[in-house]
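Please look over the sequence and the structure shown here before reading on. The text after them leads through the chains step by step.

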Amino acid sequence: MSGEEHAVVDVPEHVLGRWASWGAAAAAALFLAFSGWQLWQAETDEDLAYAAARDTVLDSGKRHLETLNSVRSGRIEDGLARWRAASTGPLRDELRRTGRSDAATLAKAGTTARAKVTDAAVVRLDTRAGTAELIATVHIRVSERGGAPTTDRKRLTAGLERTDDGWKLRAVGAVPAEGGKDDS
Amino acid sequence: MTTSTRDADTPAAHTAKTEANPAADAGRNQCLQLRGRLAASRVVLAAALAVAVLAGGLMLFGAYRLTSDESAQNHALTDREATEEVSGEVGDALAKVFSYTPDGVRATELDARRLLRGEAATQYRRLYGQLRKRVTEQKLTLTTRVVHTGVVSLDDHRARLLVFLDQTSTRDGDQPSTAAAQLAVTAERRGGEWRIVRLAAR
């Protein structure tokens, strides 16, 4: 092996290597650009953001409806505080107003209620305004002092509003037969 | 012959060697340096490529996760047109199959045969089979009206809905009475139209 032999073999290998390197670098750059673009597309996709908001609304709505329809006798004040935490706007104002008499009524009857949302769907969502509506069916197991527990089935419409602390209920109404609507 | 060649060769080779040595060494050094630099730049390049492939792969995976999760695959509300279409078709279907008049028993049955499939069709046949005679005998009328419809999940072929219904029933001559009904409905798209395949009371 002499120096001359090295030179003769190295030149094409070197040139080839350079071409290969440039090619690989270009391919990598293209791949990076493509995947970055894909990720950017997914992150800024309005439908995806809207779908995520819809599911957040549904989850929050279900949870808050269960909270609002549940109370434990003996821990009524606690329950009422939870009701207020699940609500906003007009509903919270109303709960504040009626809190004292609600507590008295519940304490007198010794009411314990456990609500479970059996089904729910978002029917309207305005992400810009931060408002949404959902419908839900709820089973509420109610027991009063000395009485046997009963199961109450309700169908509800609920209005939600986006707050700094997530989506909260601003109105809840039962949907009785005849299509009439009484807000509670 | 061999000795003379060797004798003749040796000094020449020797002198050639001693003269060529510095040049060859320089060449070899250069070559080694070049090789070293090449090797170094290859390592750098390989590392950069590995990082690029990894980063790109991660980004692609991130994009895939964002676009393929359950929330993204559910087109309820995000596809407004499809949401309205399935709500309308399923609502109409329910109103039709859960409404009957003493004279229209056959029509209701035909609607049900067209609009209900699978499990829903079986359930309905069982229910309606018992009811059918009484409808004509006792002159029963049932009118079902859709109050609210919500789409829980929706894709190209399948949808889940929650429907609030009001059902007004009358027995011949009696006052009508209205009851609330809530149904969880599963529908499938067959031949471009939504058919109800499962019904469950809520």
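This is a predicted model: local features need pLDDT of at least 70, side-chain atom pairs count only at pLDDT 80 or more; totals for chains, interfaces and linings use all residues.

Residues are numbered from 1 along each chain as its sequence is written, and chains are lettered from A and ligands numbered from 1 in the order in which they are written.

Chain A holds 4 helices and 5 strands. Here helices (H or I, at least four residues) and strands (E, at least two) are DSSP runs, numbered from the N terminus. Read from the N terminus, the elements of chain A follow the order α-α-α-α-β-β-β-β-β. Chain A is divided into domain 1 (1-44) and domain 2 (46-178), with bounds that come from an automatic or database domain assignment. Between the C-alpha centres of these two domains of chain A there are 61 Å. Of the 184 residues in chain A, 25% are buried. A residue is buried if 20 or more other C-beta atoms lie within 10 Å of its own, exposed if 12 or fewer, and partly exposed in between, with C-beta atoms placed from the backbone.

How many residues of chain B are in contact with chain A? There are 37, and they meet 44 residues of chain A; two residues are in contact if their C-beta atoms, placed from the backbone, lie within 7 Å. On the side of chain B that touches chain A, at least two residues each come from α1 (2-68), α2 (70-73), β1 (141-154), β2 (158-170) and β3 (177-190) of chain B. The most come from α1(B), which gives 17 residues. By class, this side of chain B has 23 nonpolar, 11 polar and 3 charged residues. Ala, Val, Leu, Ile, Met, Phe, Trp, Tyr, Cys and Pro count as nonpolar, Asp, Glu, Lys and Arg as charged, and the others, Gly among them, as polar.

Strands pair if DSSP finds at least two bridges between them. β1(B) and β2(B) are antiparallel, with 12 bridges, and they form a hairpin with 3 residues between them. Across this pair, B:H148 stands opposite B:F164 in β2(B). β2(B) is also antiparallel to β3(B), over 12 bridges, and B:L162 faces B:A184 in β3(B). The hairpin of β2(B) and β3(B) has 6 residues between the strands, and B:G173 takes a positive phi near 85° there.

The largest nonpolar core has 54 residues, of which A:L134 and B:V90 touch the most other members. Such a core is a set of buried Ala, Val, Leu, Ile, Met, Phe, Trp, Tyr and Cys residues joined through C-beta atoms within 7 Å. Apart from neighbours within four places in sequence, B:V90 is in contact with B:L161, B:V163, B:V185, B:A187, B:W194 and B:I196.

In helix α4 (residues 105-115) of chain B, B:T108, B:A112 and B:L115 are buried. These residues line one face of α4(B), because they fall within an arc of 80° seen down its axis. On the other side of α4(B), B:R106 and B:L110 are exposed. The buried residues of α4(B) pack against α3 (80-97), α5 (118-137) and β4 (193-201) of chain B.

Note on methods. The arc is that of the directions from the helix axis to the C-beta atoms.
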